[in-house]
Amino acid sequence: MVGNHSETHDALEDCLLCGNKTAKRSVQTQQFAYNENGEEVLLVADIPVVSCSACGEVYTAEGAEEAQHDAVCRYLKRLTPSEIRALRQRLGMSQAKFAEATRIGVASIKRWEGGNLIQNASLDARLRSLEKDLSTRPAPQLTPRFRTEFRQETLEAARRFRLRPEFGAYAEAA
């Protein structure tokens with residue numbers, strides 16, 4: 001069921017059904033049924049749609065499935081695919097590193113971020129706790145570690161080091 005128009009874009013595009021350049025994109029509020037444990041629940045999402053004035057057809061546009069998927073995630077109180085991806089990126093991890101840190105398979109991470117699957121409640125809690133644990137953990141102290149110890153005279157020579165005068169212009173430009 002498609003509801004009211006939220007926004008309309010004025011640019012006309014080709015209709016995928018009749019081929020005429022008489023189609024307009026808009027975002028409409030849509031109710032759709034979600035089956036949870038054999039019970040039907042009505043959810044609402046803002047869906048991109050295309051309306052053609054030539055053939056009268058209205059069909060969903062790119063991003064409609066993602067909007068419905070996000071609505072289901074919000075209903076289930078789970079992280080959406082974009083929230084999972086944003087969490088992983090905030091932590092500065094690749095999908096493989098994120099999978100290793102969470103002890104969740106990389107294939108599952110890819111499915112969740114791609115919107116192909118919704119994580120169960122316990123795995124969602126693990127994702128949320130990872131962000132909480134890492135955000136409250138103190139930043140690591142970055143102290144240099146060397147395999148061999150420097151001799152005192154080497155350290156003092158490094159402190160006294162200066163560029164020769166002929167390299168002064170190069171040093172100023174850098």
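Helices H3 (residues 95-102) and H4 (residues 106-113) pack against each other in this predicted model, at an angle of about 115 degrees and with their axes 8 Å apart. Their crossing is right-handed. On the H3 side, the contact is made by Gln 95, Ala 96, Phe 98, Ala 99 and Thr 102; H4 contributes Val 106, Ile 109, Lys 110 and Glu 113.

The structure holds one aromatic pair, formed by Tyr 34 and Tyr 75. The ring centres are 6.1 Å apart and the planes stand at 70 degrees to each other. Planes over 60 degrees apart count as edge-to-face, so this pair falls into that class. How exposed are the two partners? Tyr 34 has 21% relative accessibility and therefore counts as partly exposed, and Tyr 75, at 32%, also counts as partly exposed.

Now step back to the protein that carries these features. It has seven helices and four strands, which follow the pattern β-β-β-β-α-α-α-α-α-α-α along the sequence. Of its 174 residues, 25% count as buried. Among contacts between residues at least 6 apart in sequence, 43% join residues at least 24 apart. The accessible surface of the protein comes to about 12,800 Å², and carbon and sulfur atoms account for 50% of that area.

Definitions and conventions: Residues numbered from 1 in each chain as written. Predicted model: local features only at pLDDT ≥ 70, side-chain atom pairs only at ≥ 80, totals over all residues. Heavy atoms only, no water. Axes fitted to C-alpha atoms, helices over the stretch in contact; angles between N-to-C directions. Helix = DSSP H or I, 4+ residues; strand = E, 2+ residues; numbered from the N terminus. Left-handed = near helix turned anticlockwise from the far one by under 90°. Contact = heavy atoms within 4.5 Å. Phe/Tyr/Trp six-rings, centres within 6.5 Å; stacked < 30°, edge-to-face > 60°. Buried < 20%, exposed > 50% of the residue type's maximum accessible area, 1.4 Å probe, protein only. Areas by Shrake-Rupley, 256 points an atom, 1.4 Å probe, with all protein chains shown as cover.
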